[in-house]
Amino acid sequence: MADANVVPAAAENAAVDNAEGQQQQQRPNAWSMIKTLLIRMVFIYFIANMFKRGSTPAPDASGSKSGSVARPSSNVFEKFAPLDMYVYVSEQEEFSDFKNEASLFWMESGLVYGDWVSGPNEDGTFTKSGQIEASEAVQNNGSLFIHVYFVREGKSPDPADRASKMYSKKFTVHRSKRINKFKKRKYHQSVNLLTGQTEAHPDLVQRDNISFEILSHWHPNLTINLLDDNSPWVPGAVPQPLDEYIEFLPGQNKYYPVIYLNDYWNLNADYMPINDTTKILNFTLTYSPMSLFKWQLYAAQGMRNKWVNMLGSEGGEDEEDQDSLKTAFLETSPYLLGLTIVVSILHSVFEFLAFKNDIQFWKSRKSLEGLSVRSVFFNVIQSLIVLLYICDNETNTVVKISVFVGLCIEIWKINKVVNAKLDYENKLFGIIPRPRLTEKSTYTQSHTKEYDILAFKYLSWLLYPLLGVYAVYSLLYLEHKGWYSWVLSMLYGFLLTFGFIMMTPQLFINYKLKSVAHLPWRMLTYKALNTFIDDIFAFVIKMPTLYRLGCLRDDVIFFIYLYQRYIYSVDPKRMNEFGTSQEMLESNGEVTPAEERAQLQEGQSSQAAEAVTTEDSDSGTKEPEETEQENGEVKTEEEKKNE
């Protein structure tokens with residue numbers, strides 16, 4: 001293979017650049033790891049359905065009856081057939097150097113097809129360890145291939161032995177694979193903006209405006225799996241992606257057994273670069289039979305990787321997610337892993353319900369009494385900062401779309417909290433209509449606006465000094481790609497660290513109004529349940545300390561909400577987010593306690609009106625002096641009461 005060229009790329013992910021020595025950390029990919037597992041389960045489900053349904057080969061294009069119907073095929077190797085295995089390691093992609101003994105890495109004779117009890121461990125597994133001398137071409141980004149052959153016992157995989165009848169193409173199964181992997185080594189692009197220095201290794205410092213280079217990497221382990229399968233496969237009816245592996249013999253109702261060169265459990269973090277200092281490559285091969293169901297799982301992983309590439313995911317990020325998932329399978333208890341899957345499904349359900357109820361709350365909201373309008377505008381600014389930050393750090397397209405949709409929803413809320421219109425008379429630059437935002441009457445005519453302004457006034461006393469201190473800290477001690485990246489990273493890190501402060505204005509308004517009936521409790525409850533789930537994963541999955549503290553702070557805020565809900569009595573006449581009150585819900589055609597109170601109040605008011613009418617008629621016969629004296633006495637009594 002030709003040497004890989006060094007090519008420039010877009011900006012390096014800042015979350016990776018800042019992983020060392022920085023306190024601002026982006027949320028880990030814990031949920032992406034779980035969702036990856038769920039995607040795989042979906043693929044496995046569809047593949048299983050394909051096997052159940054099967055498919056019918058397409059008829060002849062002419063539609064004539066003469067078109068032959070494909071018949072089921074059988075394995076070319078019957079059960080318990082004796083086999084020999086030859087493994088060659090060479091730089092040739094199409095191997096032909098069978099006579100070179102240096103290319104033969106492993107020859108294992110006496111294998112039995114479908115044998116699960118032989119071997120040192122009595123599980124059908126055999127292992128071979130050795131060393132491979134890396135040539136100069138391999139040290140300079142050259143390719144190295146493995147070629148695996150299974151033949152009848154006593155036969156040869158070399159086509160040159162056809163004359164001696166030692167070679168049989170029909171009974172020779174072959175599979176090859178490149179065993180070195182080309183990976184990107186990204187250069188460190190960030191520096192301290194004041195000193196221009198970086199703490200990264202000199203070999204990783206960006207040079208010549210190149211953000212990364214492609215290097216050959218090596219992993220010392222590989223597994224050779226021979227599929228133990230005698231299914232009656234039909235040509236043209238094998239479901240995807242299994243059809244990529246099964247090869248039929250032309251003109252015969254036979255197919256070759258599948259040789260699967262398995263490197264799935266090779267963690268990307270364990271690959272080492274190959275360079276001019278790498279003279280010897282350690283290599284360990286393991287032969288093991290494989291069941292059909294297990295092979296389906298691995299085939300689903302290949303399909304999943306294709307879908308990820310189609311969605312535009314970055315290779316480095318996907319590899320990190322893959323490593324996290326594999327580590328969870330290898331190191332986590334099966335019971336804990338099962339609990340994790342169940343809880344993650346609940347987390348996704350609660351996340352969807354919280355999103356649904358948030359939209360429903362603001363869509364049907366008629367009154368803004370008790371709601372912080374300024375917090376809505378701050379959420380728009382916060383979502384915009386997050387979107388600019390991930391765009392600056394080359395996050396994958398799926399995350400960008402998700403954040404952009406969230407920003408659009410926050411912008412949509414603005415029209416629900418203020419009256420937005422365009423002023424066509426006073427245009428900007430004489431061309432663009434000037435936007436006009438006016439506050440709604442339900443917000444200005446209540447005490448909510450007063451308390452909202454007061455809450456943000458107190459908040460600014462704490463927020464602005466912390467922002468200034470964090471900006472100075474970020475500039476002095478952290479590294480950035482430029483001044484624009486510094487501004488975004490500083491604001492993003494500040495929001496991640498001190499974002500809980502922006503939840504306090506609503507608490508202050510609740511305290512002043514002595515009520516929490518105006519809050520979207522369904523949405524808050526679903527978000528609280530997700531926060532509790534985050535708490536569980538924060539101590540199960542490896543996460544940054546800041547993220548764990550973030551989960552704890554959300555719990556504290558929610559418990560304060562619950563405490564306010566407990567101490568503030570419910571007003572049955574207050575409208576909720578759907579424009580209904582408790583009295584309206586209790587009314588079903590019968591006289592409710594609320595209606596009885598209203599009737600009693602009406603009776604008392606009518607009696608008071610009759611008493612006032614009687615007093616007015618009697619006062620007409622009194623002398624003016626007596627009236628003034630009585631008025632004076634009344635005033636005196638009121639003054640005494642006031643005192």
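His147 counts as buried, at 0% relative accessibility; buried means under 20% relative accessible area, exposed over 50%, and partly exposed in between, with a 1.4 Å probe and protein chains only. This is a predicted model, in which local features need pLDDT of at least 70 and side-chain atom pairs count only at pLDDT 80 or more, while totals for chains, interfaces and linings use all residues. Residues are numbered from 1 along each chain as its sequence is written, and side-chain values use heavy atoms, with hydrogens and water left out.

His147 belongs to strand S5 (strands are DSSP runs of E, at least two residues, and helices are runs of H or I, at least four, numbered from the N terminus). A polar atom of the His147 side chain lies 2.8 Å from the backbone oxygen of Gln92.

Within the largest nonpolar core, which has 34 residues, Phe150, Ile224 and Phe283 touch the most other members. Such a core is a set of buried Ala, Val, Leu, Ile, Met, Phe, Trp, Tyr and Cys residues joined through side-chain atoms within 4.5 Å. Among the elements giving two or more residues to this core are strand S5 (145–152), strand S9 (221–227) and strand S13 (280–290). Apart from it lies another core of 18 residues, including Leu368 and Tyr443.

On the surface, Tyr477 is exposed, with a relative accessible area of 59%. Tyr477 has its place in helix H10.

Notes
Polar contact = N/O pair within 3.5 Å; in protein donor to acceptor, adjacent residues only side chain to side chain.
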